[in-house]
Amino acid sequence: MGKNFPFPVPGSCLNPECLIKVPPQKHGFYKRNAIDANFSGRILIRRYYCKYCGKTISYLPSFCLPYFQYTIETILMALCYILDSNHSLRACLKLLKNLGWSLAHLQFYVKRFLNNQNRIKVGLRQLIPGIILPPDEQDKRKGAQKVLRIVITGFPQIQTFQARFHKQCRYSFMAP
């Protein structure tokens, strides 16, 4: 459908410093890569401009993470194989062979998730009041397994978690 796709129109500016209740103006498109097990290509991203704060806002689809080419489902699948199912990196590469990842690529996602555990816990505490989170452990991997299980079981879809986390914390759970 391309540019004729019925892109959602935000009801107010999405800039956290503005949030004025006037819909921003359409401001063109840009293309970005989106890759998963069944699709690899460029997609259009709608841009909006707020005339009050002067910021341009990109409206990413729910399957995209900011600054990542691979879809959120693909990244979650890799994290689940490694952290939740205890597959080795090499075994995970075989399971994800159609993506053409290297060990370094896989290690990047695991390391990012491990390093973001504390941020993710802070977000989970805000999203699910009264949640019992695993204590900080010496073994980061075991702690990450528990946090990942909470994310998977606590939300109907990973997109729901990402959207709510981003709205609450103003950054992606995989942000540096």
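**Entry 1: a charge over a ring.** I began with the rule: a charge sits over a ring if NZ of Lys or CZ of Arg is within 6 Å of the ring centre and within 35 degrees of the ring normal. With that in hand, I found arginine 119 over the face of tyrosine 171, at 4.3 Å from the ring centre.

**Entry 2: ground rules.** I noted that this is a predicted model, where local features need pLDDT of at least 70 and side-chain atom pairs count only at pLDDT 80 or more, while totals for chains, interfaces and linings use all residues. Residues are numbered from 1 along each chain as its sequence is written, and side-chain values use heavy atoms, with hydrogens and water left out.

**Entry 3: the overall plan.** I took helices (H or I, at least four residues) and strands (E, at least two) as DSSP runs, numbered from the N terminus. On that basis I have six helices and three strands in the chain, and along the sequence they follow the pattern β-β-β-α-α-α-α-α-α. The C-alpha trace spans about 50 × 40 × 25 Å along its principal axes.

I call a residue buried under 20% relative accessible area, exposed over 50% and partly exposed in between (1.4 Å probe, protein chains only). Of the 176 residues, 39% count as buried. Contact, for me, means heavy atoms within 4.5 Å. Among contacts with a separation of 6 or more, 53% come from residues 24 or more positions apart.

**Entry 4: the sheet.** Two strands pair if DSSP finds at least two bridges between them. I see an open sheet of three strands in the order E1-E2-E3, paired antiparallel. Strand E1 (25–35) and strand E3 (56–59) are at the edges with a single partner strand each, so one side of each has no neighbour in the sheet. From one strand to the next the twist averages 30 degrees; the axes behind that angle are lines fitted to C-alpha atoms (for helices over the stretch in contact), and angles run from 0 to 180 degrees between N-to-C directions.

Over how many bridges do E1 and strand E2 pair? I read nine bridges, in the antiparallel sense, with E2 covering residues 40–49. Glutamine 25 stands opposite tyrosine 49 in E2.

**Entry 5: two helices checked for length.** The expected span of a helix is 1.5 Å times one less than its number of residues. Helix H3 (residues 103–115) has 13 residues and should span 18 Å; its end C-alpha atoms are 18 Å apart, which agrees. H5 has 15 residues and should span 21 Å, and its ends, C-alpha to C-alpha, are 21 Å apart, which agrees.

Which residues of H3 are buried? I listed Leu106, Tyr109, Val110, Arg112, Phe113 and Leu114. They pack against helix H1 (72–84), helix H2 (89–95), helix H4 (117–127) and helix H5 (140–154). In H5, the buried residues are Gly143, Ala144, Gln145, Val147, Leu148, Ile150 and Val151, and their cover includes H1, H3, H4 and H6.

Entry 6: Threonine 74 is in helix H1 and is buried at 2% relative accessibility. Leaving aside neighbours within four places in sequence, threonine 74 contacts Ile35, Asp36, Ala37, Leu99 and Trp101. Isoleucine 75 is also in helix H1 and is buried at 1%. Not counting residues up to four places away, isoleucine 75 touches Leu65, Phe68, Tyr70, Tyr109 and Met174.

**Entry 7: aromatics.** My pairing rule: rings of Phe, Tyr and Trp (its six-membered ring) pair if their centres lie within 6.5 Å; planes under 30 degrees apart are stacked, over 60 edge-to-face and the rest tilted. That gives twelve aromatic pairs. Phenylalanine 165 and tyrosine 171 make an edge-to-face pair, 5.7 Å centre to centre with 75 degrees between the planes. Phenylalanine 165 is buried at 0% relative accessible area, whereas tyrosine 171 is partly exposed at 25%. Phe68, Tyr70, Trp101, Phe108 and Tyr109 form one aromatic cluster.

**Entry 8: positive phi.** Asparagine 86 is not a glycine, yet has a positive phi of about 60 degrees. Asparagine 86 is in the loop between H1 and H2 and is exposed at 52% relative accessibility. Arginine 170, also not a glycine, has a positive phi of about 70 degrees. Arginine 170 falls in the segment after helix H6 (158–169) and is partly exposed at 40%.
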